[in-house]
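Please walk through this structure with me.

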Amino acid sequence: MSLDPWWRDAVVYQIYPRSFQDADGDGEGDLRGVVQRLDHVARLGADAIWLSPFYASPMADGGYDVAGYTEVDPRFGTLADADALIEAAHARGLRVLLDVVPCHTSIEHPWFTQHPERYVWSDRDGPQNNWRASFGGRAWSRDERSGRWYLHSFYPEQPDLNWREEDVRSAMADVLEFWIDRGVDGFRLDAIDHLMKDPDLRDDPPASAPPALPEMGECATLDMRHSRNAPDIGEALAVLRAGAGADALLVGEVYLPADRLAPYLEHVDVAFAFELLHAPWEAAAVRAAIASALSLQGRAAWVLSNHDFPRLPDRVGAANVRAAALLALTLPGPVFVYQGDELAMADGPGREPPHDRAGRDRHRHPMRWDDDAAHGGFTTGDPWLPAVQVAGGSVAAQERDADSVLALYRDLIGLRGGLRGGLRFVDTADGVLAYRRGDEHLVALNLDDRPRPAPAAGAIMRFTHAGRCASGSPAPLELGPGEGFFARI
Ligand code: NOJ
């Protein structure tokens with residue numbers, strides 16, 4: 001790893017292609033649509049984009065059920081469209097990260113019938129053990145064709161690959177190499193805490209404490225020591241690193257607290273800081289979650305929302321989204337921004353019947369580009385999920401408003417380039433979180449629902465609400481609920 005890699009303090013913008021922009025009018029976003037909207041990402045000041053999967057897929061899990069790792073699903077376009085997107089992003093100075101899903105394939109991947117040895121099978125007529133699937137139910141299902149039972153850590157449509165098979169390792173390394181050769185700059189590696197399991201497939205013991213991070217379904221009733229995170233995980237990760245090459249950025253989606261990430265960080269560059277994503281919006285809890293991730297010495301990837309969890313207004317409260325942006329964008333290390341966060345987009349109603357059985361449609365409604373256009377400018381067709389209004393207005397509306405959340409994101413990303421040095425917490429009033437960045441900057445935010453005293457600071461560089469306190473003015477003595485600032489010391 002180079003001493004000063006490009007991603008050290010990068011802002012990575014997550015694009016969920018199905019919901020970003022539809023170019024062909026079929027109601028679903030596509031790769032040509034992404035190209036049409038790249039200027040928005042560049043204007044935001046992002047350094048890179050991460051594209052959620054656009055590979056061949058029956059979409060049982062929104063594309064995380066891959067039926068062809070080197071093919072573009074026709075709903076998203078063609079391989080030529082992917083090449084054009086990579087080129088268009090690079091032309092705007094944006095690096096490109098793809099999402100690789102190495103833990104499982106779609107049940108419709110040809111490997112499942114042609115190479116059954118690449119999967120994990122029970123040696124009996126029934127589940128091999130008591131493991132539970134992340135989205136509920138048991139982690140074993142019967143394959144109707146062969147009558148045998150296969151393992152799936154997620155939906156039954158996503159059989160787990162057997163990473164102890166040499167064939168699986170080399171095939172997946174080839175996948176990463178394929179995309180590197182097409183010019184991508186790195187990968188977000190999906191669910192890699194599930195890659196290696198206990199070789200003897202032993203039962204998970206009952207849980208003796210609540211899980212370190214929230215779990216769905218019955219997973220929380222088990223201590224998942226055998227179904228995930230086997231001690232020899234490094235062997236699998238070394239293969240992924242070899243496929244990607246030393247220079248590619250590897251971002252691990254490792255659903256574990258920071259103190260269990262060390263074996264992953266021997267091979268991947270950064271791992272998401274999920275403790276912060278799940279922390280209740282309270283100063284002490286947020287501070288503890290940040291402190292935990294800071295122990296990783298710059299190897300935490302900050303993230304406050306993505307396509308799997310409630311959107312920011314629903315999680316931290318609409319009144320706190322500006323303070324959340326201030327927080328995320330002033331932490332040391334790479335930060336991931338989910339499309340729509342820059343508008344303070346909230347969860348939508350989802351749809352009946354749902355696309356996603358685990359209830360995540362609500363976090364995936366289409367981007368809101370223009371309130372005056374049909375479906376917010378997302379599509380000229382019939383959108384796959386309703387194109388819902390955003391309280392603060394569309395991109396076009398927020399661009400006209402100097403005090404919009406979009407303006408705040410742009411300003412903070414711009415100022416972020418000037419942040420130097422590590423983070424040191426400053427003890428201050430209860431309910432307020434404050435920290436210094438290096439010797440020049442101070443960040444403070446009020447997470448309480450009452451006005452609280454602000455720590456002493458110099459001139460304001462950006463207040464969460466520009467209309468209430470202009471840049472250049474002296475720091476206020478008090479912060480209202482949801483307010484915060486980035487100031488000189
Ligand atoms: C994590 C992805 O973010 C999520 O959307 C997916 O359902 C699971 N991994 C399984 O691939």
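Arg368 is buried, because its relative accessible area is 5%, and the cut-off for buried is under 20%. Keep in mind that this is a predicted model.

Where does Arg368 sit in the chain? Arg368 is in the loop between β12, residues 335-338, and α12, residues 395-399. Its contacts reach along the sequence. Leaving aside residues up to four places away in sequence, Arg368 touches Leu343, His375, Gly376, Ala387, Val388, Gln389, Val390, Ser394 and Val395.

What does the side chain of Arg368 do with its polar atoms? A polar contact links the side chain of Arg368 to the side chain of Asp371, at 2.8 Å. The backbone oxygen of Ala387 is 3.1 Å from a polar atom of the Arg368 side chain. Ala387 is also in the list of residues that Arg368 touches. For a sense of scale, take Leu249. Arg368 and Leu249 are 119 residues apart in sequence. In space, their C-alpha atoms are 30 Å apart.

The peptide bond from Glu352 to Pro353 is cis. Its omega is near -5°. Most peptide bonds are trans.

Now step back to the fold. Eight strands form a closed barrel with parallel pairing. Follow them in the order β1-β2-β5-β8-β9-β10-β11-β12. From one strand to the next, the twist averages 25°.

Strand β10 covers residues 270-272, and strand β11 covers residues 300-303. These strands run parallel, and two bridges join them. Which residue in β11 is the bridge partner of Ala271? The partner is Ala300.

Next, look at the loop between β8 and α6. Strand β8 spans 186-189 and helix α6 spans 233-244. Ala191 is found in this loop.

Most residues other than glycine have a negative phi.

Are these residues buried or exposed? Ala191 has 4% relative accessibility, so it counts as buried. Asn229 has a relative accessible area of 17%, so Asn229 is buried as well.

Technical notes: Residues numbered from 1 in each chain as written. Predicted model: local features only at pLDDT ≥ 70, side-chain atom pairs only at ≥ 80, totals over all residues. Heavy atoms only, no water. Pairing = 2+ DSSP bridges. Helix = DSSP H or I, 4+ residues; strand = E, 2+ residues; numbered from the N terminus. Axes fitted to C-alpha atoms, helices over the stretch in contact; angles between N-to-C directions. Buried < 20%, exposed > 50% of the residue type's maximum accessible area, 1.4 Å probe, protein only. Contact = heavy atoms within 4.5 Å. Polar contact = N/O pair within 3.5 Å; in protein donor to acceptor, adjacent residues only side chain to side chain.
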